[in-house]
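This report walks through selected contacts, helices and backbone features of one model. Please keep the sequence and the structure at hand.

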Amino acid sequence: MKTPATAPWARTAFGIDLTDLSPIIIKATRTGRTLSFEPVALSTLATLPATPVVAGSLLQKESFTRWLTAPIASAKKAEKVFPSLLDVQLPFSVEDCETALLHTVPTPDRTGTRGLVTGARTVDIEKRLAAFSSLGVSPALLDQEGLALWSQMLDESPFAATPALRIIIYLSTDRVTLALGQNDEFLGAHTMRLLDADQIHRLLKSYFPTPPPLTQWLITGPHAPSLSESGPLLPESLHTRWPGPAKLTRDPATFFARALATRALTAGALRCNLRTGRFLHPALAQRQAKRPTQWAVTCLLAGLVLCAINLAWLIFVTQQTAGLQTIFRSLAIEVTGSPLGIPAGQEVLTARRALEAQTRAMEPFLAAMEAPIAPALKNLLVVAQEEGLSVETLSLSRKNRVLHGTAPKWAQAEATCRRLNTQGWAATLERKDLPPGEDRVAFVIGLGRSHEK
């Protein structure tokens, strides 16, 4: 099971920077998404009611960071190859180390995978834990110095122009550590006993054979303020070869301890905890052991909540359905006039059939109301009289209007049809047979409103 690199359950954490003079301790308190910091004395840790979350660090000289490249496009498959590649690069066996893979990215040509690995020998971890134990402290997290300096620099000192090369130098009486990267990508970290401009120049040349046009220098550490008081922050040779702005970080003396406390409380890139394996802190080991049970309980609670939600929804839907069913039955009774003959669940169908039956029964009344016969009859008779027609029978209804009669000439019947057509009727004319010897012509005119065609 992967060892956690942060303590997200904690609200406070203590970052300890062990220097050769006295430890620098910073307490970080999380409120929402913000952190507040305050320096505390070593004795404060012993007086706390509960075991505090303490973050220490392996120094750069006690640990390592390496970028590895595997000729495999799949990151998951490349992770299995990285230990073998790391073993080739290290001057000691990888089996004697505790390591952590922090970050993977595809190679520029997308045919391979690059991975950033950090680690330390078990003997160095033992020595470091012994140094903390001599102070009465047992850190739950063992970070890596170069990575902590780099991530805190990105958090506290953003650079608007984003230079190609960023360098942070930590200055203390017992060591000088520098971490560098290109834009926001960590490249590596190195350490030395004293600030040596020529050595730094050789290190930078191994990364950048041609110096970039702009380099950002950040100076931090307990010894940084005294360096700024005595003169320039950087030796002139470095500033000439690697030009760019140089400035102190905020509160440089506590910068590294602040970085450890920050990384302990917040998630982010390049977090690591090298106190893992057989060195795992008892409190973290206990949390790791409880994690499967916690996951099981969480899943059980989530299942129970879902069941409760489904049950509540089912009850709500059932109540709503029953209420609507009651409303439908009441409406159906109003339509039909009786509760008899209305099967449960068929209220809408029964009401529709009742309405259709009532509509059919009222059709003659509706026809009389919608299409009055008297004006239509008067109009037809007037036209027939003016054209000299004799009307024998005339049938009028909402849908059918039929006129039977005779005329002196067929042309008079045709003229009648034309006049009726101009008055909004759709008239059709047919000839009828008459007994022999009749000099008149018989006809049938079918009438309908033109919009009913």
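## Aromatic pairs

Phe 64 is buried, at 5% relative accessible area. Buried stands for under 20% relative accessible area, exposed for over 50%, and partly exposed for the range in between, with a 1.4 Å probe and protein chains only. The model is predicted: local features need pLDDT of at least 70, side-chain atom pairs count only at pLDDT 80 or more, and totals for chains, interfaces and linings use all residues. Residues are numbered from 1 along each chain as its sequence is written, and side-chain values use heavy atoms, with hydrogens and water left out.

The count of aromatic pairs is four. Rings of Phe, Tyr and Trp (its six-membered ring) pair if their centres lie within 6.5 Å; planes under 30 degrees apart are stacked, over 60 edge-to-face, and the rest tilted. Phe 64 and Phe 92 make a tilted pair, 6.2 Å centre to centre with 55° between the planes. Phe 64 lies in strand β5 (residues 64-70) and Phe 92 in the loop between α2 (75-89) and β6 (97-106), so the pair ties together parts that are 28 residues apart in sequence. Helices (H or I, at least four residues) and strands (E, at least two) are DSSP runs, numbered from the N terminus. Phe 92 is partly exposed, at 25% relative accessibility.

Trp 313 and Phe 316 also form a tilted pair, with 5.6 Å between centres and 35° between planes. Both lie in helix α9, three residues apart, about one turn of the helix. Trp 313 is exposed, at 57% relative accessible area. Phe 316 is partly exposed, at 40%.

## Charges over rings

A charge sits over a ring if NZ of Lys or CZ of Arg is within 6 Å of the ring centre and within 35 degrees of the ring normal. The charged end of Arg 121 sits over the ring of Phe 92, 5.3 Å from its centre. Arg 431 lies over the face of Trp 410, 4.1 Å from the ring centre.

## Salt bridges

The whole structure holds 15 salt bridges. Each is a side-chain nitrogen of Lys or Arg within 4 Å of a carboxyl oxygen of Asp or Glu. Asp 17 bridges to Arg 175, with the closest N and O atoms 3.2 Å apart. Asp 17 is in strand β1 (residues 12-17) and Arg 175 in the loop between β9 (165-171) and β10, 158 residues apart. Both Asp 17 and Arg 175 are buried.

Arg 263 bridges to Asp 143, with the closest N and O atoms 2.6 Å apart. Arg 263 is in helix α8 (residues 255-265) and Asp 143 in strand β8 (residues 141-144), so the pair ties together parts that are 120 residues apart in sequence. Arg 263 is buried at 2%. Asp 143 is buried at 5%. Arg 419 and Glu 387 meet in another salt bridge, 3.2 Å from N to O. Arg 419 belongs to helix α13 and Glu 387 to the loop between α12 (373-386) and β14 (390-396). Arg 419 is partly exposed at 26%, while Glu 387 is buried at 17%. Salt bridges with shared partners join Asp 17, Glu 145, Asp 174 and Arg 175 into one network.

The expected span is 1.5 Å times one less than the number of residues. Nine of the twelve residues in α4 are buried, among them Glu 145 and Trp 150.

Helix α13 (residues 410-422) has 13 residues and reaches 19 Å from first C-alpha to last, close to the expected 18 Å. Its buried residues include Trp 410, Cys 417 and Leu 420. Gly 424 follows α13 with a positive phi near 95°.

Most residues other than glycine have a negative phi. Arg 110 has a positive phi of about 65°. Arg 110 lies in the loop between β6 and β7 (113-121) and is exposed at 62%. Asn 183 has a positive phi of about 55°. Asn 183 sits in the loop between β10 (176-182) and β11 (185-192), partly exposed at 34%.
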